[in-house]
Amino acid sequence: MDYGLFTNSSEGQNFSVMVSETPLPDYELYYLKDQLTMVRSITSRIVAPTIAFVGIMGNIINIVVLTRRWMRSSTNCYLTVLAIYDTLYLLIATSLFFFRVYPDIRYTMEYTYYFWIARPLSNVCSNTGTWLTVTFTVERYIGVCHPMKGRVLCTVERARYIIAAVCALAFLSTLPDFFDTDVVRPDVNATKYEMTRNHGHEILTQIGYYWINPTVFTFIPLILLAVFNSLLIYSVMEASKLRKSMANIEVTATDNRRERQQREQQRITIMLISVVVVFFLCQLPSACLLIVQKVYDDVRKTEKLRHTIAGNVFNVFVMVNSAINFLLYSLFSTKFRNTFKRIFCRCCQDRQSRNDGLFSEIATAHPTAMRSNRPSLCVQFNNVNISQSRSPLPDRAVNTSKNGYLQIQNKQEDSV
């Protein structure tokens with residue numbers, strides 16, 4: 001978003017280090033400058049690199065897990081691309097945060113040109129991630145509240161088209177950020193390079209770009225997420241009440257399988273709700289600060305310093321939002337945990353229990369492969385021996401991998 005990295009800063013037209021070049025005999029002003037220096041040092045040298053390292057490792061694991069063949073689904077397509085953009089955002093934001101506190105690096109020609117390109121790119125990544133969050137929330141609402149329409153609309157192929165459209169539109173909408181500043185050297189004999197607003201900035205201000213952009217990428221997404229997330233929370237609460245009311249009713253094996261599938265779907269919905277709630281908690285403070293800066297543009301230097309300090313802290317919240325999804329997936333998705341263990345835990349690959357979580361997840365995801373009137377399948381994982389009778393499985397429906405896990409081919413898997 002526009003407030004994603006450095007646009008909260010109120011440091012003058014040339015992005016210089018100090019808010020005021022002329023020292024003022026004001027104790028409060030000096031105190032706030034010291035506070036700003038301390039906050040920048042802590043966030044840029046310690047907090048931001050730590051969050052970025054953990055987040056990048058987690059997002060790489062997300063991409064590896066979510067791109068497995070048996071994890072293929074429309075929701076996982078959104079989550080995979082979101083992990084890619086979160087990784088790019090963390091890389092760019094950390095590099096800008098870290099080197100910006102060193103004056104010997106900050107005013108070099110190389111870093112100034114890098115900042116000139118990287119700042120708009122960070123906004124592109126943040127804006128794209130915002131609307132990807134909106135799209136998978138809307139898709140989940142359709143799948144949960146309108147399941148018949150969801151079977152038709154929520155497909156992998158359609159998700160790929162939507163993702164491509166969201167990425168393209170977010171890039172085009174953020175493209176003016178590349179043309180509102182120039183890199184200059186104030187003095188011919190000076191070695192410092194700075195960024196200044198150019199004529200393009202004036203044009204964008206006249207057409208209202210700096211109001212349109214935060215409206216499209218901040219306020220509208222937050223409103224949509226609030227609405228659809230509330231509907232999802234309501235549907236989860238209603239499903240929980242229904243399950244409690246049916247707890248004492250005797251059910252058949254088919255009903256048990258359907259119940260397991262519905263319970264896993266509910267866990268997935270809760271996981272996506274948690275992703276959106278974290279998005280709110282991390283992005284809302286920056287959005288509120290952006291409103292304050294737009295409404296109260298002409299304020300005292302001390303107020304601008306307070307806004308800058310708050311902006312540096314809130315930028316860390318934005319980084320947390322891009323780094324925390326791995327924890328949420330691991331907490332709420334059984335299938336994600338089982339796939340993670342299968343890929344990264346060698347000790348789990350040799351387990352050959354028929355009650356394995358991944359086996360049960362896949363079986364639940366494909367009730368057509370195990371009908372209620374068919375005898376149970378006898379699966380011998382290592383020897384690839386599948387016994388079946390009467391009603392054979394569809395061609396190439398069942399396959400046993402080299403690690404001894406049952407796989408379903410030519411079928412769309414359930415999401416994480």
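Predicted model: local features only at pLDDT ≥ 70, side-chain atom pairs only at ≥ 80, totals over all residues.
**Entry 1: the whole chain**

I began with the overall counts. The chain has 14 helices and six strands. It holds 416 residues, and buried residues make up 47% of them. I then looked up the accessible surface of the chain, which comes to about 21100 Å². Carbon and sulfur atoms account for 62% of that surface.

Next I looked at contacts between residues at least 6 apart in sequence. Of these, 76% join residues at least 24 apart.

**Entry 2: how to describe a helix pair**

I noted what to look up for each pair. Two packed helices are described by the angle between their axes and by the distance between the axes.

**Entry 3: helix 1 and helix 2**

Helix 1 covers residues 27-66. Helix 2 covers residues 74-100. At what angle do helix 1 and helix 2 pack? I read about 155 degrees, with the axes 8 Å apart. An angle over 145 degrees counts as roughly antiparallel, so helix 1 and helix 2 are roughly antiparallel to each other. Their crossing is left-handed. I sorted the residues of this contact by class. The contact of helix 1 with helix 2 has 13 nonpolar, eight polar and four charged residues.

**Entry 4: helix 2 and helix 10**

I stayed with helix 2 and turned to its contact with helix 10. Helix 10 runs over residues 301-323. The angle between helix 2 and helix 10 is about 150 degrees, and their axes lie 9 Å apart. Helix 2 and helix 10 are therefore roughly antiparallel. Helix 2 passes helix 10 in a left-handed crossing.

I listed the residues that meet. Helix 2 brings Asp-86, Tyr-89, Leu-90, Ala-93, Thr-94 and Phe-97. Helix 10 brings Asn-312, Asn-315, Val-318, Met-319, Ser-322 and Ala-323. By class, that contact has seven nonpolar, four polar and one charged residues.

**Entry 5: helix 1 and helix 12**

I went back to helix 1 for another partner. Helix 12 spans residues 334-344. Helix 1 and helix 12 pack at about 95 degrees, with their axes 10 Å apart. Angles of 65 to 115 degrees count as roughly perpendicular, and that makes helix 1 roughly perpendicular to helix 12.

Which residues make the contact? From helix 1 I noted Ile-61, Asn-62, Val-64, Val-65 and Leu-66. From helix 12 I noted Phe-336, Thr-339, Phe-340, Ile-343 and Phe-344. The contact of helix 1 with helix 12 has eight nonpolar, two polar and no charged residues.

**Entry 6: Ile-309 in helix 10**

I picked single residues next. Ile-309 is found in helix 10. Is Ile-309 buried or exposed? Its relative accessibility is 16%, so Ile-309 counts as buried. The cut-off for buried is under 20%.

I then checked the contacts of Ile-309, leaving aside neighbours within four places in sequence. Ile-309 is in contact with Leu-32, Gln-35, Leu-36 and Val-39. I also looked up a distance to Met-38. Ile-309 and Met-38 are 271 residues apart in sequence, but their C-alpha atoms are 9.6 Å apart in space.

**Entry 7: two residues of helix 4**

Helix 4 covers residues 109-145, and Thr-128 lies in it. Thr-128 counts as buried because its relative accessibility is 0%. Not counting residues up to four places away in sequence, Thr-128 touches Tyr-85, Val-166, Cys-167 and Ala-170.

Ala-118 is also found in helix 4. It is buried, with a relative accessible area of 4%. The C-alpha atoms of Ala-118 and Leu-96 are separated by 7.8 Å. Along the chain, Ala-118 and Leu-96 are 22 residues apart.

Ala-168 lies in helix 6, which covers residues 156-174. Ala-168 has 38% relative accessibility and so counts as partly exposed. From Ala-168 to Val-124 I noted 44 residues in sequence and 10.0 Å in space, C-alpha to C-alpha.

Phe-279 sits in helix 9, residues 253-295. Phe-279 is buried, with a relative accessible area of 3%. Phe-279 and Leu-222 are 57 residues apart in sequence. Their C-alpha atoms are 9.1 Å apart in space.

Note on methods:
Residues numbered from 1 in each chain as written. Heavy atoms only, no water. Axes fitted to C-alpha atoms, helices over the stretch in contact; angles between N-to-C directions. Helix = DSSP H or I, 4+ residues; strand = E, 2+ residues; numbered from the N terminus. Parallel < 35°, antiparallel > 145°, perpendicular 65-115°, else oblique. Left-handed = near helix turned anticlockwise from the far one by under 90°. Contact = heavy atoms within 4.5 Å. Nonpolar A, V, L, I, M, F, W, Y, C, P; charged D, E, K, R; others polar. Buried < 20%, exposed > 50% of the residue type's maximum accessible area, 1.4 Å probe, protein only. Areas by Shrake-Rupley, 256 points an atom, 1.4 Å probe, with all protein chains shown as cover.
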